[in-house]
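Please keep the sequence and the three-dimensional view at hand while reading.

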Amino acid sequence: MKAQVRVDNISTNRSNLLCPSCNEGYLHQGIVEVFNRQEDDENIRYTVVDSGNIHSQTIPNAVSNNPSSRRQGLIIHFECEHCQDTEFKLCIAQHKGLTLMDWEYDDGNDPGSKS
Ligand SMILES: [Zn+2]
């Protein structure tokens, strides 16, 4: 079972993302991966932003880690201040008219299956 993506409302205008492991809100963003394509395109534009460096290339979707099976996707890496040495990825997938989100550990496992 995957861990739910949860937020806490810190004000009426903003929410903060909660750690999938400890449920605290002290997450730090890291690498950002963008998987850009039109529906069912064989190739995607894969762009990674890491510490101010940008790498972008066109690759086959089939060999990518695109969270979406048919459309666009986004992965944001996080570290939690309370969960030492554990990195998480927030995976965002376009699925038809929906935007789906789930957590994954950097080793490929979802947080719900680790405990
Ligand atoms: Zn945590």
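How many of the 8 residues of E5 are buried? The number is 0, so E5 lies largely in the open. The model discussed here is predicted. The points below begin with the whole protein, proceed to its sheet and hairpins, and end with selected residues.

**Overall architecture**

- The protein contains 8 strands and 1 helix.
- Read from the N terminus, the order of elements is β-β-β-β-β-β-β-β-α, and the helix, H1, covers residues 111-114.
- The C-alpha trace extends over about 40 × 30 × 30 Å along the principal axes of the protein.
- The radius of gyration is 15 Å, which agrees with the value near 13 Å that a compact globule of 115 residues would have.
- Buried residues make up 23% of the 115 residues in the protein.

**The six-stranded sheet**

- An open sheet is formed by 6 strands, in the order E5-E4-E3-E6-E7-E8, and the pairing is antiparallel.
- Its edges are strand E5 (53-60) and strand E8 (98-105), each of which pairs on one side only.
- On average, neighbouring strands of this sheet are turned by 20° against each other, with direction ignored.

**Strand E4 and its two partners**

- On one side, strand E4 (residues 43-50) pairs with strand E3 (residues 27-36) in the antiparallel sense, over 5 bridges.
- Within this pair, Asn36 is found opposite Arg45 of E4.
- The hairpin of E3 and E4 has 6 residues between the strands, and Asp40, in the turn, has a positive phi of about 65°.
- E4 also pairs with E5, again in the antiparallel sense, and here there are 8 bridges.
- Two positions illustrate the pairing with E5: Val49 has Ile54 as its bridge partner, and Tyr46 stands opposite Gln57.
- The hairpin of E4 and E5 has 2 residues between its strands, and Ser51 takes a positive phi near 50° in it.

**Strands E7 and E8**

- E7 and E8 are joined by 8 bridges and run in the antiparallel sense.
- Ala93 has Leu100 in E8 as its bridge partner, while Lys89 stands opposite Glu104 in E8.
- These strands form a hairpin with 2 residues between them, in which Lys96 takes a positive phi near 55°.

**The nonpolar core**

- The largest nonpolar core has 7 residues in all: Ala3, Cys19, Leu27, Phe78, Cys80, Phe88 and Trp103.
- Leu27, one of the core residues, is in contact with Leu17, Cys19, Phe78 and Cys80 when neighbours within four places in sequence are left aside.

- Gln94 belongs to strand E7, which covers residues 87-95.
- Why does Gln94 count as buried? Inside 10 Å there are 20 C-beta neighbours, and a residue is buried if 20 or more other C-beta atoms lie within 10 Å of its own.
- Beyond its neighbours within four places in sequence, Gln94 is in contact with Ser68, Arg71, Gln72, Gly73 and Thr99.
- Leu74 is 20 residues away from Gln94 in sequence, and their C-alpha atoms are 8.9 Å apart in space.
- Asp106 is located in the loop between E8 and helix H1.
- Asp106 has 14 other C-beta atoms within 10 Å and is therefore partly exposed.
- Which residues does Asp106 touch, not counting those up to four places away in sequence? They are Glu87 and Lys89, and the latter, Lys89, is the residue opposite Glu104 in E8.
- Arg6 and Asp106 are 100 residues apart along the chain, and 19 Å separates their C-alpha atoms.

Terms used: Residues are numbered from 1 along each chain as its sequence is written. This is a predicted model: local features need pLDDT of at least 70, side-chain atom pairs count only at pLDDT 80 or more; totals for chains, interfaces and linings use all residues. Helices (H or I, at least four residues) and strands (E, at least two) are DSSP runs, numbered from the N terminus. A residue is buried if 20 or more other C-beta atoms lie within 10 Å of its own, exposed if 12 or fewer, and partly exposed in between; C-beta atoms are placed from the backbone. Two residues are in contact if their C-beta atoms, placed from the backbone, lie within 7 Å. Two strands pair if DSSP finds at least two bridges between them. Axes are lines fitted to C-alpha atoms, for helices over the stretch in contact, and angles run from 0 to 180 degrees between N-to-C directions. A nonpolar core is a set of buried Ala, Val, Leu, Ile, Met, Phe, Trp, Tyr and Cys residues joined through C-beta atoms within 7 Å. The radius of gyration is taken over C-alpha atoms; the globule rule is 2.2 Å times the number of residues to the power 0.38.
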